[in-house]
Amino acid sequence: MEYVEPIRDLDQIRAIKQSLKQRSLRDYLLFTLGINTGLRVSHLLELRIKHIMNENGKPKEFLVISDNEQAIYLNKSAKQAIRKYIKEKTTLRLEEHVFLSNYNHQAITRQQAYRIIRRAATDVGIHGHIGTHTLRKTFGYHAFIQGVSLSLLEERFHHATPSETLHYIGVKQEEIGTPLIDVDL
């Protein structure tokens, strides 16, 4: 398996979202949920409407996939993408897969998700190592850069060590810097 990178540049992320929004709200939602939740693509593709939407048609606050997984907060960007997607659909069944294929009533495949992500990246000029794990790694990278505890990311990704998590999310040593621990008693 080829090692893939996170998308570090926020302008590139915005460009991909804009491109996908114009092409397909389903694909836009896939990308947006991926980079804002850190879910594996296999879990994203298992999502059903009932996981992201309440009975009243509003996005949920938290995504709960199974009883043994921790609830995942749906932030403003994720909820906005869900609202756009829901608004476009004329009929929604709670048991229906979120990311339906255009050809049958099944969820899209991992291969199709890969093609969606690769094409979106290529469309905005990203030609590096991009794949389905890019979404998860992008989430982890930006969460870490914004100050989310490495131990929380390690737990989310089910990693054994902090160094495994840092390597996985593609954080370079120069990006870590010196920690500012200020206990001013």
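In which hand does H7 pass H8? Select both helices to find out. H7 passes H8 in a right-handed crossing (the near helix is turned clockwise from the far one by less than a right angle).

This is a predicted model, where local features need pLDDT of at least 70, side-chain atom pairs count only at pLDDT 80 or more, and totals for chains, interfaces and linings use all residues. Residues are numbered from 1 along each chain as its sequence is written, and side-chain values use heavy atoms, without hydrogens and water.

**Stop 1: H7 and H8.** Select residues 133–145 (H7) and 150–157 (H8). Their axes come within 10 Å and cross at roughly 165°. H7 is therefore roughly antiparallel to H8 (an angle over 145 degrees). Now show the contact (heavy atoms within 4.5 Å). Arg136, Phe139, Gly140, Ala143 and Phe144 in H7 meet Leu150, Leu153, Arg156 and Phe157 in H8. By class, these are 6 nonpolar, 1 polar and 2 charged residues; Gly counts as polar.

**Stop 2: isoleucine 35.** Move to helix H2, where isoleucine 35 lies. Isoleucine 35 is buried, at a relative accessible area of 11% (buried means under 20%). Its C-alpha is 5.9 Å from that of arginine 136, 101 residues apart along the chain. Leaving out residues up to four places away in sequence, isoleucine 35 touches Ile13, Lys17, Leu135, Thr138 and Phe139.

**Stop 3: H2 and H6.** Select residues 25–37 (H2) and 110–123 (H6). The axes come within 11 Å and cross at roughly 90°. H2 is therefore roughly perpendicular to H6 (65 to 115 degrees). Show Arg26, Asp27 and Leu30 in H2; they meet Gln112, Ala113 and Ile116 in H6. This contact has 3 nonpolar, 1 polar and 2 charged residues.

Technical notes
Axes are lines fitted to C-alpha atoms, for helices over the stretch in contact, and angles run from 0 to 180 degrees between N-to-C directions. Helices (H or I, at least four residues) and strands (E, at least two) are DSSP runs, numbered from the N terminus. Angles under 35 degrees count as roughly parallel, over 145 as roughly antiparallel, 65 to 115 as roughly perpendicular and the rest as oblique. Buried means under 20% relative accessible area, exposed over 50%, partly exposed in between (1.4 Å probe, protein chains only).
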